[in-house]
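Good morning, and thank you for coming. I would ask you to keep the sequence and the model in view while I speak.

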Amino acid sequence: MSQDAVSSPRLAGQELTSAEEKRRARLSKLAAWKKKKEAVTAKQPVKFAARARPVPKKAAKLVRRNLLDAETEMSAPVEDEIHHEVDLDKFYESLSTDKPKEQGTIFESDEELGSESDDVDQVDPEKLLQAINEKNKKTVPEHPPSRSPFAKSLYVENSAISELSNEEVDLLRLKDAISVRGKTVRRPIVAWNQLGLPSSLVSVLETLDFAAPTPIQCESLPNIMSGRDLIGIAKTGSGKTLSFLLPLFRHLLANPASSSVRALVMTPTRELAMQIFKECQLFLRTLNLKGCCCYGGQSISHQIAEIKKGCDLVVATPGRLIDLLCANGGRVLRLSHVTYLVLDEADRMFDMGFEPQVMKILKVTRPDRQTVLFSATFPPRMEALARRCLSEPVEILVGAKNLVNDRIEQRFNVLEDDAKFPKLLEILAKFKLVDQGKVLIFVDRQDGCDLLANQLISQGYPALSLHGGKEQIDRDGIITDFKNNIIDILVATSVASRGLDVKDLNLIVNYDPPSHMEDYVHRVGRTGRAGNSGTSVTFLNRHQERSASDIVKILELSEAAVPEELQKMATRFRERLRKGEVKYGSGFGGRGLEKLEEIREQKRRLDNGLYDEDEPQEPGNEDETAEVSSDKLGNFQVEFGSTKRGADSAIYHARLNINDLPQSTRWHVSNKDNINKVVESTSTAITTKGRYYGPGKEPGPSDDPKLYLLIEGDNEVGVRQAVEMLRRGLVEGLKGSLEERKRKFSIV
Ligand SMILES: Nc1ncnc2c1ncn2[C@@H]1O[C@H](COP(=O)(O)OP(=O)(O)OP(=O)(O)O)[C@@H](O)[C@H]1O
């Protein structure tokens, strides 16, 4: 497709000159979109298939909304939970005006931004790449950090704890399989009253009515309240949130009020940010403090207004936080007074693409701040990165890393794909006979998510679906409805796997097994929380031996029983390992385990014909580093376009040529996990097309084209976001190749 075929998001024939004109055009586009959506919504007849059981009135209404969402959402502007929704749009705007980008414009709302995507397709791909790189170099406005003294050592050990012998302390830790590391680690407490809290915080704890602290709280609270940086790893549902919130509010109380934000909690997802902020409410009310929750998909102007009123605490996702920090030249939000910082679900936070954002944010907080980091899973590769943000941290590990809570009964069904739905119905029927609790069903794709929810509805099980392709307002509403018992079955992608704390959620079904084992731990960890028990059922087909092998490893590490069938699959997989047919590796670390993902990916690529015989098949073995130079970036060619689908709708696409990139970079950008993340976040479909042609080879007129990724979506914003995410993967891949090269040449 040529550049001429590129669709322009501009209104035809109009040359928009002023920002105000452009703004009006965006608003009118948005209004047209909304009108269209309303019209579609009003027209859709809602049909329910024969019901096996009556559907409650309110639930039926919600289910109807769910159905309608599934039908209309494709035309909605899609935003992801963490990404640069505002940044990217600002960037597009800067391209269209061809002026140096001003830092920190205040935008009207995210919706407006979502529809703003001028002119980028008019730009030469190389210029585009160059400009995106420029954007990435953009710095968050810095302000001199506050130098006013603050107190962080706020803990005096209770005499009952001091009197314990070292052996008694060891025994306490042994009981809960706790390991601690670090200089002068505090002894654990065993009761709330050993924390020496001020009466206002005691009254909050009384309201919460938690009889005793959980193991992670026992260990982390004395250390954090002593002012130490801390890495806390504990199972899902073990009370990590209070482990960082209680010291946070203790810290705020102990230090003088300020007109600036003093404490910051960063979380990877919007849902988690909302949930944590909800947990803050009781503290904020009781202590007469102010907080603000900032995440994408919500009106930024509302958040700006809240911040301007003055906030002691901000709970935020990194992408939106950066937007706020840049807004109005840095005059809206400053973090130069932040003395207490939390990174929740830290491993995800450092996951692909988010590290630079987190680092930028950390850079504009006080360097002498206290930083704490919590997660249930923490792959070894994240540790070094995390340590860069903390100073001499105490490390607390409750139980073994990456293990499933032992209050969760883990069941497995090995079955053919077409037997999955009948089995699900059977499980639901049995569950509903004996349990009034809620059910969360995980699938791996957004379309599968809507489909399964609708299939369940047709069988008389009112269900909602939740995934990254839904508008934020719907996502919020769906979670609220699920939490408030309006609906008791939720079908979701892994967007709901982390942090979600829903009472009486007693059954998790992995309708599709998760691709990462960390994700397995988080998914099943939505049940069996706060000392309750729960059940998880995971469906696998007999070809998913690798997943079986990983799960068996988790079960073995957790000292849980391993079902015979699963064991057989794992044994078969390990047998193939021994024969050298596959190599092993997994998210659970260990030097020999690192490469599994790559090997799986390599096989998939071979199956898909991504390599030809001329090309070395083991990534990293060949010396391709000579290829890696900055001018290689010029090969990152993107072609945007659209095809009309009807009078007023179109399918948007982008074609990203990857054939001529270095092999490991191509690998990095197009590996399954990366693609899944992008698809999940942007509601696009991504397919590998064409065929690989080695250096110097070109396709003939009747040959398949060179290898490329085809990104398709119902809205342009999603397609462009997908391209941006892939581009980030590409840059990482290039960096990786260069680092690899450095390593190769520095070892003597
Ligand atoms: N000391 C306690 N006693 C009883 N319940 C508690 C205690 N502390 C926290 N809880 C409750 O336990 C539940 C799980 O806590 P929380 O959400 O903090 O878990 P988590 O470890 O952060 O889980 P995840 O890793 O899945 O995010 C919440 O409903 C919380 O209110």
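This is a predicted model: local features need pLDDT of at least 70, side-chain atom pairs count only at pLDDT 80 or more; totals for chains, interfaces and linings use all residues.

**The ligand and its surroundings**

Accessible areas come from the Shrake-Rupley method with a 1.4 Å probe, and for residues only the protein chains shown count as cover.

Residues are numbered from 1 along each chain as its sequence is written, and side-chain values use heavy atoms, with hydrogens and water left out.

A nitrogen atom of the ligand, in turn, is 2.9 Å from an N or O atom in the side chain of Gln217.

How many residues surround the ligand? There are 20, and the closest are Lys240, Thr241, Asp501, Arg526 and Arg529; a residue is near a molecule if one of its heavy atoms lies within 4 Å of it. By class, this shell holds five nonpolar, eight polar and seven charged residues. In that count, Ala, Val, Leu, Ile, Met, Phe, Trp, Tyr, Cys and Pro are nonpolar, Asp, Glu, Lys and Arg are charged, and the others, Gly among them, are polar.

**The chain as a whole**

The chain has 26 helices and 18 strands. Helices (H or I, at least four residues) and strands (E, at least two) are DSSP runs, numbered from the N terminus. Of the 748 residues in the chain, 57% are buried; buried means under 20% relative accessible area, exposed over 50%, and partly exposed in between, with a 1.4 Å probe and protein chains only. The chain exposes about 31900 Å², of which carbon and sulfur atoms supply 51%. Among contacts (heavy atoms within 4.5 Å) between residues at least 6 apart in sequence, 76% join residues at least 24 apart.

An unreviewed UniProt entry lists residues 190-218 as "short sequence motif: Q motif". UniProt also places the feature "domain: DEAD-box RNA helicase Q" (unreviewed entry) at residues 190-218. Over residues 190-218, the chain is 48% helix and 0% strand, and the end C-alpha atoms are 6 Å apart.

Ile189 lies in the loop between strand S1 (178-181) and helix H8 (199-208). Is Ile189 buried or exposed? At 1% relative accessibility, Ile189 counts as buried. Not counting residues up to four places away in sequence, Ile189 touches Tyr155, Ile161, Gln194, Leu195, Pro213, Cys218 and Pro222.

**Helix H20**

Why is helix H20 (residues 517-524) described as largely enclosed by the rest of the structure? The reason is that eight of its eight residues are buried.

Arg523 lies in helix H20 and is buried, with a relative accessible area of 2%. A polar atom of the Arg523 side chain lies 2.9 Å from the backbone oxygen of Asp512.

Asp519 also has its place in helix H20, and at 13% relative accessibility Asp519 counts as buried. The C-alpha atoms of Asp519 and Thr377, 142 residues apart along the chain, are separated by 8.8 Å.

**Two asparagines in loops**

Asn288 is not a glycine, although it has a positive phi of about 60 degrees. Asn288 lies in the loop between helix H11 (270-287) and strand S4 (291-294), and at 69% relative accessibility Asn288 counts as exposed.

Asn485 has a positive phi of about 65 degrees, although it is not a glycine. Asn485 lies in the loop between helix H19 (472-483) and strand S12 (489-492), and Asn485 counts as exposed at 53% relative accessibility.

Terms used. A polar contact is a pair of N or O atoms within 3.5 Å; within protein, one must be able to donate a hydrogen and the other to accept it, and residues adjacent in sequence count only if both atoms are side-chain atoms. UniProt positions are given in the numbering used here, feature names are shortened, and annotations may be inferred rather than shown by experiment.
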